[in-house]
Amino acid sequence: MQPGGQQAAPGASGMLELDGLRRRYGDVTALDGLSFAVPPGQVFGFLGPNGAGKTTAMRAIVGVASLDGGEVRWRGAPIGQEIRRRIGYMPEERGLYPAMRVLEQLEYLARLHGLTAAQARAAALSWTERLGLADQGQAKIEALSLGNQQRVQLAAALAHGPELLVLDEPFSGLDPAGVDAMSQVLAERAAAGVTMLFSSHQLDLVEHLCQSVAIINRGQLVAGGAVKDLGQAGKLRITVRVAGDDAGRWAQDLGGAASVENNTGGAVLLALRNRADAQAVLDRARAAGPVEHFTFERRKLSEVFRDAVGSAADPEADAEAGRGAGAEGGSRA
Amino acid sequence: MTTHSAELIRLVAMREIRDRARAKSFWVASVILLVAVAAAVIIPALTRGSQATARVGVVGGQLAALTQTVKEAGRVSGTAVTVIPLPGVAAASRRLRSGDLAAVLVGDSEVLVKQQPVAGTSSPGASLPGALSEVGGLQRLYALLPPSAAAGIANHGIALPVHGLIPPPRGLASRITGLAAAILIYVIILTYGVRITIGVGEEKASRVVEVLLTTLRPVQLLAGKVIGMGILALAQIAAMVAAFLILGHAVGSAAVQGAATSVVLAGALWLLLGYAFYCTAYAAAGSLITRQSDAYNASIPLQLPLILAYVLAYTVLYASGVNWFYHVLAFVPFTAPVAMPVLVAVGAAPAWQLALSAAISLAATVGMARLAGTIYERAILRTGSRLRVRQVLRSAR
């Protein structure tokens, strides 16, 4: 199912590299020297505000957008038509023939990716089965619900057994069951050694699902790496709750050791100056009353995201790059 | 790599063919076109054979002998005849013009008919006037047998001259066939062209093209599309030409046996040339749109030249004859697919002109394919507002 799956240059196996990608659409700079690498076998999230250049970057990887500069490499070699047959791509604006039947469509796309008629048939059947579309095989795409169209789109990206998956907003428009099915498939593909890049705005979902992320803004990488490392960077936080003190009065004067960031019904979120101050804060809390709750907080991905992207994530910037580029925005529901 | 590329193009073409062949409209249109061709061939043959009794006037000479001649001619041509004695040629002409009489035998000198027949399209015995002239000539031969007559017979044959009161139709069958060819060429190129525009527009608007182009190069997708459609168009043309030739021979149609066959073959050739020239342009038009509903409008500029050639064809076929303007149109690749078969139908295009026009069309087809391919490649992935050709040609993909 994976034609040409043999390893290429040592050390470059299954590695997707974006190297200095540049692209302008008129006055809009979609990609401004974007560089990062996606290792194999991980669920890798691709984040950024609308208009940051995610879609343009993904389109450049699969070869449907040209670059003004830079290079995309797969296993150390520039991506050409031969390699593209081994990529599975799910565009942000879904693309299927509205009047074509599900199985026929999947078979056709799989054959374009180099499968024989028999292989394509088998793959189409197994993926429709797998994604709960077994009854819909003879249905026309336009007759399906949006969620099911989405599943067909995923099946189309997977049917030819790709080594590299590029999925633009695979979760948008899915119901919770669809999100679970999609998450499961992505985790399973990653476990099977597939290299995977997917974009999303659902940061909680990404945090839960991804091992690594790349966050971009204005066409450049602004943060990236393993999710757990990103969560530990920056200020250290703790949440403390002292019984009977819903106003968090005990924490009002902690000197320079910590500052209150938030208080939800007595659960006080504190930013610490350094790790050693945690014990001093705990001592103060115990002095004020029985401590019911004490945890070190990892930063949530959404906070990492907001810090990295900063004020640039305003809506005005979004609309701009969406136009002309045909890249971002559009009919995201 | 080239076999791989051919395989991809084949897959695309097969999808197009399956897609169209499944559409009911395709079969309805095919049947209508075939029925139209069959009707055009069969109906004239039927009406010709259904003439029950022909009224033949006789003028001068001995009535009994002339009646005998007319009856014999009726027998030879397989026509029942009624003999109408008439006082003179003037009266005979009047009744011929009114359609009251099929023919008039004037003594032993000539046969009058309303419209001069086309020379050489059928054997003399096949039609009543032809048989009249034959039999009448034989009667005269028997009557006077001086040796001098032998020389005249040797030189001119025995048939009496057939004179029409109004000029001959100058290949009426050929003109009618020319008009039919012009209509069909116009209809087929427009139908398939607009179909291509809509198909390309659909791929672009539904964004499926973004998935397709991860494995296909734009030129491969374009080629597969126009080849698939072209195969369907070719099959439809072949079926119609075959129906024309087979039915025509079966019913002994004068149109098939005469000059009209050359019009049909020229029509088929220019239909192919026209499709080849226009198909990529229609695809480029489809690549410029962003909404499905724009597809038809985008194809209109490409329809105009053929509409012009088609409308002017009526003036050439029925009215004023070939003017220099229409002659020029027959060499312009945009209008030649309709204009050149029309020129062939009226006998105004010698072989070298056919060859020259075909060569110009082929060369222009190469240029058009390059230009359209470039537009298509650059426009097919661009969304937003509808694109203009110049804007696309200035930009990169």
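**Figure 1. Contact between helices α5 and α6 of chain A in the predicted model****.** Gly147(A), Gln150(A), Arg151(A) and Leu154(A) of α5(A) meet Gly178(A), Met182(A) and Val185(A) of α6(A). By residue class, the contact of α5(A) with α6(A) holds three nonpolar, three polar and one charged residue. Helix α5(A) covers residues 146-158 and helix α6(A) residues 176-191; their axes come within 11 Å and cross at roughly 10°. Because angles under 35 degrees count as roughly parallel, α5(A) is roughly parallel to α6(A).

**Figure 2. The open sheet β2-β1-β4-β5 of chain A****.** Four strands of chain A take part, and their pairing is antiparallel. The edges are formed by β2 (28-38) and β5 (77-78) of chain A; each has a single partner strand, so one side of each has no neighbour in the sheet. Strand β1(A), residues 16-25, is joined to strand β4(A), residues 69-74, by five bridges in the antiparallel sense. Within this pair, Leu16(A) has Trp74(A) in β4(A) as its bridge partner. Helix α1(A), residues 54-62, lies across β1, β2 and β4 of chain A. The direction of α1(A) is at about 115° to β1(A).

**Figure 3. The open sheet β12-β13-β11-β14 of chain A****.** This sheet also has four strands, paired in the antiparallel sense. Strands β12 (258-264) and β14 (291-297) of chain A are the edge strands, each pairing on one side only. From one strand to the next, the twist averages 20°. Six bridges connect β11(A), residues 236-242, with β13(A), residues 267-272, and the two run antiparallel. Arg241(A) is placed opposite Ala267(A) of β13(A). Helix α9(A), residues 277-288, lies across β11, β12, β13 and β14 of chain A and runs at about 10° to β11(A).

**Figure 4. The two assigned domains of chain A****.** The domain assignment gives domain 1 as 16-227 + 303-322 and domain 2 as 235-298. A distance of 42 Å separates the C-alpha centres of domain 1 and domain 2 of chain A.

**Figure 5. Strand β3 of chain B and its two partner strands****.** Strand β3(B), residues 103-106, is covered on both faces. Ala103(B) and Leu105(B) lie on one side, Val104(B) and Val106(B) on the other, and all are buried. In a regular strand, side chains alternate between the two faces of the sheet. Strand β1(B), residues 53-59, runs parallel to β3(B) and is joined to it by four bridges. On that side, Gly57(B) stands opposite Val104(B) of β3(B). Strand β4(B), residues 110-115, pairs with β3(B) in the antiparallel sense over three bridges. Here Leu112(B) of β4(B) is the bridge partner of Val104(B). Strands β3(B) and β4(B) form a hairpin with three residues between them. In the turn, Gly107(B) has a positive phi of about 50°.

Figure 6. Leaving aside residues up to four places away in sequence, Gln220(B) touches Ser5(B), Leu8(B), Ile9(B) and Val12(B). The C-alpha atom of Gln220(B) is 8.3 Å from that of Ala6(B), although the two residues are 214 residues apart along the chain.

**Figure 7. The side of chain B that touches chain A****.** The contact involves 21 residues from chain B and 25 residues from chain A. On the chain B side, the elements giving two or more residues are α1 (2-22) and α8 (208-212) of chain B. Helix α8(B) supplies the largest share, five residues. The chain B residues of this side divide into ten nonpolar, five polar and six charged.

**Figure 8. Overview of chain B****.** The secondary structure of chain B consists of 16 helices and five strands. Of its 397 residues, 43% are buried. Among contacts between residues at least 6 apart in the sequence of chain B, 79% join residues at least 24 apart.

Notes: Residues are numbered from 1 along each chain as its sequence is written. Chains are lettered from A and ligands numbered from 1 in the order in which they are written. This is a predicted model: local features need pLDDT of at least 70, side-chain atom pairs count only at pLDDT 80 or more; totals for chains, interfaces and linings use all residues. Domain bounds come from an automatic or database domain assignment. Two residues are in contact if their C-beta atoms, placed from the backbone, lie within 7 Å. Ala, Val, Leu, Ile, Met, Phe, Trp, Tyr, Cys and Pro count as nonpolar, Asp, Glu, Lys and Arg as charged, and the others, Gly among them, as polar. Axes are lines fitted to C-alpha atoms, for helices over the stretch in contact, and angles run from 0 to 180 degrees between N-to-C directions. Angles under 35 degrees count as roughly parallel, over 145 as roughly antiparallel, 65 to 115 as roughly perpendicular and the rest as oblique. A residue is buried if 20 or more other C-beta atoms lie within 10 Å of its own, exposed if 12 or fewer, and partly exposed in between; C-beta atoms are placed from the backbone. Two strands pair if DSSP finds at least two bridges between them.
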